[in-house]
Amino acid sequence: MKFICSCMQAVIRIRFPDGHTLEATFHPSETIQSLVDLLMKVVARPDLPFHLYTTPPKKVIKDLSQDFFAAGFIPGAIVYFSYDPPKGDDTAAVNSDSFLQEDILSLKDLEIVDEQPEPVQSAPEPVVAPPPPVQEQKSAEKKPVKPKWLKM
């Protein structure tokens, strides 16, 4: 017997190769197919085949009938997106374009908040996060400090 608390939710963040992140919330009993259905509506090239995977280690998600609870995506998970262009197509051209539709990218600074109680089978609400900022490397000017407990 499987028990799923109705208060739980699966917050899934989909990372794209161009650095954008799409966040969607699902009910734990929804299947991974509902995530794929959402992606088909928001990706720039829904005509191209794609796959989703988790890492580390890289594990391609093949069973789309599995629910988020059984997949271990509760309370949340990071899933990576990658196109599977047919052989002979220019892979660089596919990966150089934007991965999300322009109208979805225009929502990147918006946060959608539903103030009504969520029904058991909720529809996912996409939120696009901007790419993470590039961090500057700190200079190694600090002298190594010997811990007080170290006796030499």
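**View 1. P75 and its cis bond.** P75 sits in the loop between helix 2 (68-71) and strand 5 (76-83). The peptide bond joining I74 to P75 is cis, with omega about 5°. Helices (H or I, at least four residues) and strands (E, at least two) are DSSP runs, numbered from the N terminus. This is a predicted model: local features need pLDDT of at least 70, side-chain atom pairs count only at pLDDT 80 or more, and totals for chains, interfaces and linings use all residues. Residues are numbered from 1 along each chain as its sequence is written, and side-chain values use heavy atoms, with hydrogens and water left out.

**View 2. P56 and its cis bond.** P56 lies in the loop between strand 3 (50-54) and strand 4 (59-60). The bond from T55 to P56 is cis, and its omega is near -15°. Strand 3 and strand 4 form a hairpin, with four residues between them.

**View 3. Strand 3 and its partners.** Strands pair if DSSP finds at least two bridges between them. Strand 3 runs antiparallel to strand 5, joined by four bridges. Here L52 has F81 of strand 5 as its bridge partner. Strand 3 also runs antiparallel to strand 4, through two bridges. Y53 stands opposite V60 in strand 4.

**View 4. The two faces of strand 3.** In a regular strand, side chains alternate between the two faces of the sheet. On one side of strand 3, F50, L52 and T54 are buried. Buried means under 20% relative accessible area (1.4 Å probe, protein chains only). Strand 3 is largely enclosed by the rest of the structure, because five of its five residues are buried.

How values were computed
Buried < 20%, exposed > 50% of the residue type's maximum accessible area, 1.4 Å probe, protein only.
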